[in-house]
Amino acid sequence: MKVMTKRFGEITISSQDVIEFPQGIPGFAENKRFVLLKEGQGPFFWLQSLEDPSLAFVVTNPLFFAPDYRIKLHRSQLRDIELEDLTKGEVWVFVSIRRDPFRVTMNLQAPVLVNRENGLAKQVLLPPEEYPLQYEILRAEREEVAS
Amino acid sequence: MLILARKVGESVVIGDNIEITVVELRGDVVRLGINAPVDVPVYRKEIYDQIVKENLVSSDVDLSLEELGNMVSNSRNKKK
């Protein structure tokens with residue numbers, strides 16, 4: 001299938017690669033279908049909306065930066081994407097980039113779970129005391145110079 | 001906004017399958033019990049709002065992933 005994207009123009013993806021968020025993503029309820037796109041060799045991917053060409057999130061594998069990251073979920077939280085257990089799913093986290101001061105963080109508090117077998121996904125909200133909303137992976141250069 | 005008065009132990013029902021019960025009143029804190037189907041997520045509003053805000057930041061990126069990857073790996077190399 002062909003998909004229009006702001007960053008890459010028209011691209012062709014396989015329907016098996018479509019990731020569907022039946023409940024939407026908080027703040028973006030209108031967008032249900034996405035695809036993961038790689039750009040370059042780094043650890044980051046785009047989670048590109050199939051409905052809005054200009055909407056794409058930066059996501060990454062949390063274990064790349066936080067190897068100890070482990071999430072615990074109740075089975076009922078897996079049921080709506082028909083995931084039997086967590087080990088059978090993929091876990092991604094959103095990456096935020098801020099300017100002034102420049103910071104790159106990942107959202108460990110609300111990871112995205114993907115069931116590759118049926119293409120269903122959801123963003124889960126973990127108890128806020130477990131993991132931070134803004135886990136630092138890169139800080140402003142000038143702070144590094146100063147330290 | 002619909003406003004209903006409820007006592008401890010009383011409930012409101014929303015649609016066919018959501019029930020919210022006032023469990024306890026202590027000072028200015030109300031404890032609520034919520035019965036809802038698994039596909040209806042229930043969140044504390046301030047937490048939900050933070051996630052929405054953070055998702056908005058994640059969707060607002062003006063770098064390429066290659067640039068971002070380079071910046072992160074450079075900074076990691078420096079730390080080593």
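Analyst: Welcome! Helices (H or I, at least four residues) and strands (E, at least two) are DSSP runs, numbered from the N terminus. Residues are numbered from 1 along each chain as its sequence is written, while chains are lettered from A and ligands numbered from 1 in the order in which they are written. The model is predicted: local features need pLDDT of at least 70 and side-chain atom pairs count only at pLDDT 80 or more, whereas totals for chains, interfaces and linings use all residues.

User: What does the secondary structure of chain B come to?

Analyst: Chain B has two helices and three strands. The C-alpha trace of chain B spans about 60 × 30 × 25 Å along its principal axes.

User: Which domains does the assignment give for chain B?

Analyst: Domain bounds come from an automatic or database domain assignment. For chain B, residues 1-39 form domain 1 and residues 43-80 form domain 2. Taken over C-alpha atoms, the centres of these two domains of chain B are 36 Å apart.

User: How much of chain B is buried, and what share of its contacts joins residues at least 24 apart?

Analyst: A residue is buried if 20 or more other C-beta atoms lie within 10 Å of its own, exposed if 12 or fewer, and partly exposed in between, with C-beta atoms placed from the backbone. By that count, 10% of the 80 residues in chain B are buried. Two residues are in contact if their C-beta atoms, placed from the backbone, lie within 7 Å. Among contacts in chain B between residues at least 6 apart in sequence, the share joining residues at least 24 apart is 0%.

User: Let's turn to the sheets. What is the strand order of the open sheet in chain B?

Analyst: Strands of a sheet pair through backbone hydrogen bonds, either parallel or antiparallel. Here, two strands pair if DSSP finds at least two bridges between them. The open sheet of chain B has three strands in the order β1-β2-β3, with antiparallel pairing. Its edge strands, each pairing on one side only, are β1 (11-14) and β3 (29-35) of chain B. Strand β2 (residues 18-26) of chain B is joined to β3(B) by seven bridges, and B:Ile20 stands opposite B:Ile34 in β3(B).

User: Which strand does β7 of chain A join, and by how many bridges?

Analyst: Strand β7 (residues 90-98) of chain A runs antiparallel to strand β8 (residues 103-106) of chain A, with four bridges between them.

User: Where is A:Glu82 found, and what is its phi?

Analyst: Most residues other than glycine have a negative phi. A:Glu82 has a positive phi, near 55°, and is found in the loop between α2 and β7 of chain A. A:Glu82 is exposed, with 10 other C-beta atoms within 10 Å.

User: How many residues of chain A are in contact with chain B?

Analyst: 33 residues of chain A touch 26 residues of chain B. β7(A) supplies the largest share of chain A's side, five residues.

User: And what does A:Glu39 contact?

Analyst: A:Glu39 sits in the loop between β4 (33-38) and β5 of chain A. Leaving aside neighbours within four places in sequence, A:Glu39 is in contact with A:Trp46, B:Ser64, B:Leu65 and B:Glu66. With 18 C-beta neighbours inside 10 Å, A:Glu39 counts as partly exposed.
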